[in-house]
Amino acid sequence: RSMVTEAQVIDVLKTCDDPELGVNVVDLGLIYKVSIDAKQDVHVLMTLTTPGCPLLEYFVDTTGSKIRGLAGVHDARVEITFDPPWDKSKMSEEAKAQLGLD
């Protein structure tokens, strides 16, 4: 059975867009850490742009289900943190350009 890689998880997370901004969670800098254990359980530590974000459940459900859809993944857990708080400096250059924030 194939082992899932962090790169595969990051690639699938790039298909998860913030519905308000239209930019994916990786380029927004919302993904803080991806870890995969020996059982092929994936743990993602991510943040949101604001602590009161109404899309918290959406992000947990969407990212988790996309990761669980990867071949080899046993389970996925998405944990939301606000430490450290997100800011624009965490965004990729592409995301900043897409949102007009040079």
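The model shown here is predicted.

**Overall fold**

The protein contains three helices and three strands, and when these elements are read from the N terminus on, their order is α-β-β-α-β-α. The radius of gyration is 14 Å, close to the 13 Å that the globule rule gives for 102 residues, so the protein is as compact as a globular protein of that length. Taken along the principal axes, the box that the C-alpha atoms fill is roughly 45 × 25 × 20 Å.

Of the 102 residues in the protein, 42% are buried. Among contacts with a separation of 6 or more, 63% are between residues 24 or more positions apart. The accessible surface comes to about 5700 Å², and carbon and sulfur atoms account for 52% of this surface.

**Cysteines**

How many disulfides does the structure hold? The structure holds zero disulfides. Cysteine 16 is in no disulfide, and the nearest cysteine sulfur, that of cysteine 53, lies 14 Å away. A disulfide requires a pair of cysteine sulfur atoms within 2.5 Å, and for cysteine 53 the nearest cysteine sulfur, that of cysteine 16, is 14 Å away, so cysteine 53 is in no disulfide. Cysteine 16 counts as buried because its relative accessibility is 2%, and cysteine 53 is likewise buried, with a relative accessible area of 9%.

**Two loops**

Glutamine 40 is found in the loop between β1 (31–36) and β2 (41–46). Phi of glutamine 40 is near 70°, which is a positive value in a residue other than glycine. Is glutamine 40 buried or exposed? Glutamine 40 counts as buried, because its relative accessibility is 3%.

A further loop, between β3 (75–80) and α3 (93–98), holds proline 84. The peptide bond that joins aspartate 83 and proline 84 is cis, with omega at about 0°.

| Residue | Relative accessibility |
|---|---|
| Cysteine 16 | 2% |
| Glutamine 40 | 3% |
| Cysteine 53 | 9% |

Definitions and conventions. Residues are numbered from 1 along each chain as its sequence is written. This is a predicted model: local features need pLDDT of at least 70, side-chain atom pairs count only at pLDDT 80 or more; totals for chains, interfaces and linings use all residues. Side-chain values use heavy atoms; hydrogens and water are left out. Buried means under 20% relative accessible area, exposed over 50%, partly exposed in between (1.4 Å probe, protein chains only). Helices (H or I, at least four residues) and strands (E, at least two) are DSSP runs, numbered from the N terminus. The radius of gyration is taken over C-alpha atoms; the globule rule is 2.2 Å times the number of residues to the power 0.38. Contact means heavy atoms within 4.5 Å. Accessible areas come from the Shrake-Rupley method with a 1.4 Å probe; for residues, only the protein chains shown count as cover.
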